[in-house]
Amino acid sequence: MNIVKKPGLSITNIILFISIGILVIFVAFPVLLILFNAFFGGGTLNVKDIVSVVSNPETYQALLNSVFIASGTTLFSTIVGTFFAWLVTRTDLPFKGFMKIVFLVPFMLPSFIGAIAWKMLLNPRAGYINRFFMDTLGFSDPVFNIYSYLGMMLVETMYLFPFVFIQVSGALERMDPTLEESARISGAGLFTITRKITIPLVLPSVISGALLIMLYSMAHFGTVAVLGMEHGIFNIPTLIYEKIHASAGNFQSIRTATVLASVLIISAACIIWLQRKVLGSGKYQIIGGKSFRPVELKLRGLRYPLLFICLGYIAFTILLPTLTIFLVGGLKTYGLPFTMENLSLANYHFVLFEWQLTKDAIFNSVTLGFAAAVITMFAGVMISYVLVKMKVRGKGILEFLGVLPFSVPGSVIALGVILAWSGKFGINLYNTVWIILVAYIARYMAFSLQANKAALSQVHDSLMEAAQACGATMGQTLKDIVLPLVRPGMLSAFFLIFLPALRELTVSVMLYSPATRTLGVAIYTLNEDGETVYSAALAGIALIIIVLGQLFIKKVLGAKQQ
Amino acid sequence: MSYIKLVDVTKKFGEVIAVNNLNFEIGEGECFSMLGPSGCGKTTTLRMIAGFEDIDDGEIYAGDKTLSSKKRGYYLPPEKRDFGMVFQAFAVWPHLSVYENVAFPLKLKKLKREEIVQRTNDALKHTNLLDAAKKSPADLSGGGKQRVALARALAINPKVMLLDEPLSSLDPHLREEMRFEIKDLQKHYGFAIVYVTHDQSEAMALSDRILVMKLGVVQQIDSPLKVYNEPANKFVFSFIGLSNFLNVSVSDKGIKTKDSGIVSYPKYPIDDALKTQKDIVLASRPSEIGFLSEGGIPGILKRKSFLGEIIDYAVDVNGAEIRIQKGRKEPGPNTGETCHLDFYHPHWYSCND
Amino acid sequence: MANIRIESVYKSYEDNHVHKDLNLTINDGECFTLLGPSGCGKSVLLRMIAGFEMPDKGKIFINDQIVADSDTKKSVPPNQRDLGVVFQDYAVWPHMSVFDNIAYPLKIAKQSKEIIKEKVMNIVHLVGLTNLEKRMPSQLSGGQQQRVALGRALIGNPSLMLLDEPLNNLDANLREEMRFEIKALQKKLGITIFFVTHDQEVALAISDRIAIMNEKGKVMQIGTPFDIFENPANDFIFKFLGVSNFLDVKQQDGKLYIGSQELFIDKKPNISAPHLVAAFRPTDVEISRSKGIVGTITRSNFLGADMDYLIAVESKIVRTQINTYNALQNNLVFKEGEKCFLNFNSISWFNKDTMQTGHEGDLK
């Protein structure tokens, strides 16, 4: 036996410092710069300036719009999500299993592509649906104007309701059926049980899902950029974009942007705090017990009408816009009717193989997504390891920093990296692809931390101690026990980052230069520039890549679990 | 006087027959346990009485009221059966206070406010929950939650309480205490209990009568003492406590093992039907075997374990392990020694059981 | 061959002093159990012996070699202490088959494939996992997983095994089976076992010697199971070791009284004090219908193999247990409210004024 000195300032401390360093440099520093610029823009705390920025009608209106659109979206999504969740878990609706999967599909579709599709369909003058009603059916007015608050709320709802759907259907499925049975034996009928027992019990899940939607929608760029901006409707992220792009470098614009971003940071922090509170203390222990099938409501005569509603919803919100994108992508010129002679694969061929701009965009997104995913995955494992497994002083700081990525919206990160990496502090990454990479790492750190922390907390300390007792050194324990056990977590972290990064718009739209367009930026800018058919063709290709990627993950992760 | 009555009740899940042709009656104020290994159909039977499962054949009555009848195609839903029920996982509603949980069934009955208050408080008083009335059930221990479930079930003063393994989520110490609380509540309120459990000592301690079930078929319905002392078959014997089984050959004079002389057993004679078989099974409890200085059935002591109040012996008799338990002060052999066993309360079963 | 020596070990977490000046010696080849209520620090001690924790003060020797010394801040890491450790939650690696789990210590020791295969298969048979070696842990029951953990701890031929509540997560039947198996393995292989548990039945069944700790981490008695059961050093130990009855006994003019009734016993108390407490187990009471201390049955409870009675004696409640067969044969089946008479087979005496635990069994 060798006598070995107990390690003092050792590897553990080095890992801790590196972890703190990564979070500080990538996340905390840019966010602090924004807050500093907003509050101390002139060198000292200047409340009057902030008040004047906020009370500027333009900023004020954007703040109001963000709140208004987010509130509407949250309301609609919660109703839609809860209703479908109840339908697929607690009734005898036909094809429930299939429906449960299909309702999650909007999750993987980028909402700005959806917005582009709806613009093609419901543009008051040129939209295909509106034109069909006006030209063919003789309506004097368009049936619906998508360039409206309601239009934006509805489009966002289509893509965000799965947040509530997942939470609520999960809660309804796992809920101990005896909670409802004991109400029944107490004399309560199905209606009373639903009202007095079931709904109150899943309410925390509903609220938590709703808050996520609120957070997401307030900081959402794509839909408002596509449907609102040219008609003068701005929310916070689009106004930040406008300020940075329209008047790059202008002190007052940056000032306004940082104040807006600060508002986003603060409201995001409040929402995250509220959501954790609801989930933490309010979420009832409703899981457990012997498993019997929960009480299933017999829909009887409503069975087929409700099935029809579900299928109609799926067709209208998922199939129709997707089909529109692919069809428009095949048109010679936007606006032509969808007839065989107008349709071809020429546009697809052009954007995939001929046009340098779109080829670059695809290449940029794939490499950026891959690099960000790999870097963030490894950084996430390390930071999670410190958070979950290590007992070192100074962990508290890391825990605080670890929450930060969750509450920083994309447009804030983009603004932050502009402030931090434009040469002011010695390094200038502006207009290079690196600045997007740096922003992606900050943006997706939360996903990586979440997946890796979950995987690591499954690895009990005794599993590692058992290896040591078997004669393994710390290094061997990490290699033989810890790494194999967290590999599924790392893999899912990789895909959780890679796929969203492929279709990312909010961050890259603020950071791109002509040479560093991403797929999302290319689709968006082509659409803005009136190159509608190329934009649609590229969007169609993006959708195919995303769906293939999703299927690939399913296969890989599915095989891993067996 | 019988209150609950099951006639030819059968239940199938797909092709599997969960409960086969069940017939029994439960008297008013009786404590009736259904005991068996998991999957024997005891919980399904309880859920048919409660009304959560429909029946595939037969009838269930409560007093002069029909609950389920396949013949007449009649089925009364659970909310109209007026039973109290307690579940294994407590099933108290976490969004309501203790008081609101207990008052819930009374409110559904549309009783007068004063009556609801009075009956809720009465139920809380008898379950020692008055001090916790305003608390959330989440703040109570497992035992506290199960008391809330009991109080809620008895608030409507039901004639029958259905208890589905109500104690198996509690730790052993609490389990014993709660047993007596349930018994005391029954004495006070006078309801009948239908109790489902897989724990034989729980069933023994609580019940007036026990039904032992296996694979959906009734094995025995008797008083606890009778089930223990005169088990109907080998399955009941083995399910009801620690058991020893020894193959012996039988003749007119008595029984013998390979190494023993012939031992006769006048006190617990062997059925004539069994006597015709050459080999039969001797079944015995660890506490009903003694050590003789000679004769009896010989064996070698493999293990002697001091367990505190008792000493546990494992004796090898022709390859079979016989467990014997004796008080710590009683004399016994040491490990490795040959000993002679006296089975003073044997049961006999056919080898083919 | 291994022994353990703990020399004046101190350990605290923040303000919580878990161990203060702890001294223990575990002899070569014995099964030594540390028995105590949860939270008494017994697992902390095991973790210090294993090397997962470092004592604040004091020394730990394994096999007469120092493995932890607070003076020099030296500590042999766990992987060099040559131990087998079995944890309460099995700690079987879920991504490795039974074979790979058990083989791991040999792989770390860089043994050849043939040797590994042979040794692992031996252990697989030894711990009763024959034909299960290719299974993944998720396909095993709790008892089988614990066998894998046991096999993994045994394969390196350690001279010392540390077991931390290894039977806690198993159900009652399996727990009984496994405790006999662990004991049999220990005898067969001649290893030293350091066993930590809060379950007195397990401790009594498997140990050569037991050390009992109180909630504060103080060792109160060390001895053989029989020794501590029959001659407990104090009432805490008596109470901890099983269901306990305590009756106040007055000593006056050489006579003993329970309330106003005189108690006749063969063996006089080994302590003399005016206020004594007689402690006894449920099976130490002989109930009869003729003579002895008078009591009234307040609860009769049939448990199958035993009849369990609560008997009011003077102002106290006594719990007794009588074998069902015996009760039926000797007309000792009592109903609630019936009068009965008590005699005592075995009594442990305590001085009432120096008792550590509160008074229990008062008539409610």
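**Exercise 1. Identify the residues with the most contacts inside the largest nonpolar core of this predicted model.**

Solution. The largest nonpolar core comprises 358 residues. Inside this core, the most contacts belong to A:L415, A:A439 and A:I497. Helix α19 of chain A, residues 433-457, contributes the largest share of the core, with 15 residues. The surroundings of A:L415 may then be listed: leaving aside residues up to four places away in sequence, A:L415 touches A:I34, A:I240, A:I244, A:A257, A:T258, A:A261 and A:M510.

**Exercise 2. Describe the contact between chain C and chain A.**

Solution. Begin with the two sides: chain C gives 25 residues and chain A gives 21 residues. On the side of chain C that touches chain A, at least two residues come from each of β6 (74-75), β7 (83-86) and α2 (98-108) of chain C. The largest share of that side, three residues, is supplied by α2(C). Sorted by class, the side of chain C that touches chain A holds 15 nonpolar, six polar and four charged residues.

**Exercise 3. Determine the domains of chain C and the strand order of its open sheet of five strands.**

Solution. Chain C is divided into domain 1 (4-235) and domain 2 (244-354), and the C-alpha centres of these two domains lie 40 Å apart. The open sheet runs in the order β16-β20-β17-β18-β19 (chain C), and its pairing is antiparallel. Its edge strands, β16 (285-288) and β19 (316-323) of chain C, each pair on one side only. Direction ignored, neighbouring strands of the sheet are turned by 45° against each other on average. Finally, β16(C) pairs with β20 (residues 339-344) of chain C over four bridges, and C:S288 stands opposite C:F341 in β20(C).

Notes
Residues are numbered from 1 along each chain as its sequence is written. Chains are lettered from A and ligands numbered from 1 in the order in which they are written. This is a predicted model: local features need pLDDT of at least 70, side-chain atom pairs count only at pLDDT 80 or more; totals for chains, interfaces and linings use all residues. Two residues are in contact if their C-beta atoms, placed from the backbone, lie within 7 Å. Ala, Val, Leu, Ile, Met, Phe, Trp, Tyr, Cys and Pro count as nonpolar, Asp, Glu, Lys and Arg as charged, and the others, Gly among them, as polar. A nonpolar core is a set of buried Ala, Val, Leu, Ile, Met, Phe, Trp, Tyr and Cys residues joined through C-beta atoms within 7 Å. A residue is buried if 20 or more other C-beta atoms lie within 10 Å of its own, exposed if 12 or fewer, and partly exposed in between; C-beta atoms are placed from the backbone. Domain bounds come from an automatic or database domain assignment. Two strands pair if DSSP finds at least two bridges between them. Axes are lines fitted to C-alpha atoms, for helices over the stretch in contact, and angles run from 0 to 180 degrees between N-to-C directions.
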